[in-house]
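Here is a friendly walk through the structure below. The fold comes before the side chains.

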Amino acid sequence: MNNIIGKWVQVEGQPYEGLWFEFLEDGTFKAQYDPMSIESSGTYKVAQGEIIMQQTTHTFGMVGEFKGIYQVDGDQLKMALASGPGQEAPENLSEARIYQKE
């Protein structure tokens, strides 16, 4: 079973507190950040701690492939994504954002 399935909300003290991602069983995701009225969605694939997100919609047009790494520990998700589409994934989780499962 894919342990990233579910809705994850960025915890207090993070740069985008309240930003959430919801990863669905059908391989799609959606995300929202209310303070800036941002919504995005697309597809994702995960394997051995790596994630590739194909963002197909975004309020500000940031679409494309976002590579990243992640780790789930109980109800906490650490995820570090490339800073832009087409860029390489971070090498480690040292600057990962932390999300709590809702």
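## Overall fold

Helices (H or I, at least four residues) and strands (E, at least two) are DSSP runs, numbered from the N terminus. On that basis the chain has 0 helices and 8 strands, and its pattern along the sequence is β-β-β-β-β-β-β-β. The radius of gyration, taken over C-alpha atoms, is 12 Å, close to the 13 Å from the globule rule for 102 residues, so the chain is as compact as a globular protein of that length. That rule is 2.2 Å times the number of residues to the power 0.38.

This is a predicted model, in which local features need pLDDT of at least 70 and side-chain atom pairs count only at pLDDT 80 or more, while totals for chains, interfaces and linings use all residues. Residues are numbered from 1 along each chain as its sequence is written, and side-chain values use heavy atoms, with hydrogens and water left out.

## Gln10, a buried polar residue

Gln10 sits in strand S1 (residues 6-10). Is Gln10 buried or exposed? With a relative accessible area of 2%, Gln10 is buried (buried means under 20%, exposed over 50%, partly exposed in between; 1.4 Å probe, protein chains only).

The side chain of Gln10 comes to 2.9 Å from the backbone nitrogen of Tyr16. Gln10 also makes a side-chain polar contact of 3.3 Å with Tyr99; such a contact is a pair of N or O atoms within 3.5 Å, where, within protein, one must be able to donate a hydrogen and the other to accept it, and residues adjacent in sequence count only if both atoms are side-chain atoms.

## Salt bridges

How many salt bridges does the structure hold? There are 3 salt bridges, each a side-chain nitrogen of Lys or Arg within 4 Å of a carboxyl oxygen of Asp or Glu. In one of them, the closest N and O atoms of Lys7 and Glu102 are 3.4 Å apart. Lys7 belongs to strand S1 and Glu102 to the segment after strand S8 (97-101), so this pair ties together parts that are 95 residues apart in sequence. Lys7 is partly exposed at 23% relative accessibility, whereas Glu102 is exposed at 64%.

Glu88 and Lys67 form another salt bridge, at 3.6 Å from N to O. Glu88 lies in the loop between strand S7 (76-81) and S8, and Lys67 in strand S6 (residues 64-73), so the pair ties together parts 21 residues apart in sequence. Lys30 and Glu22 also meet in a salt bridge, at 3.9 Å.
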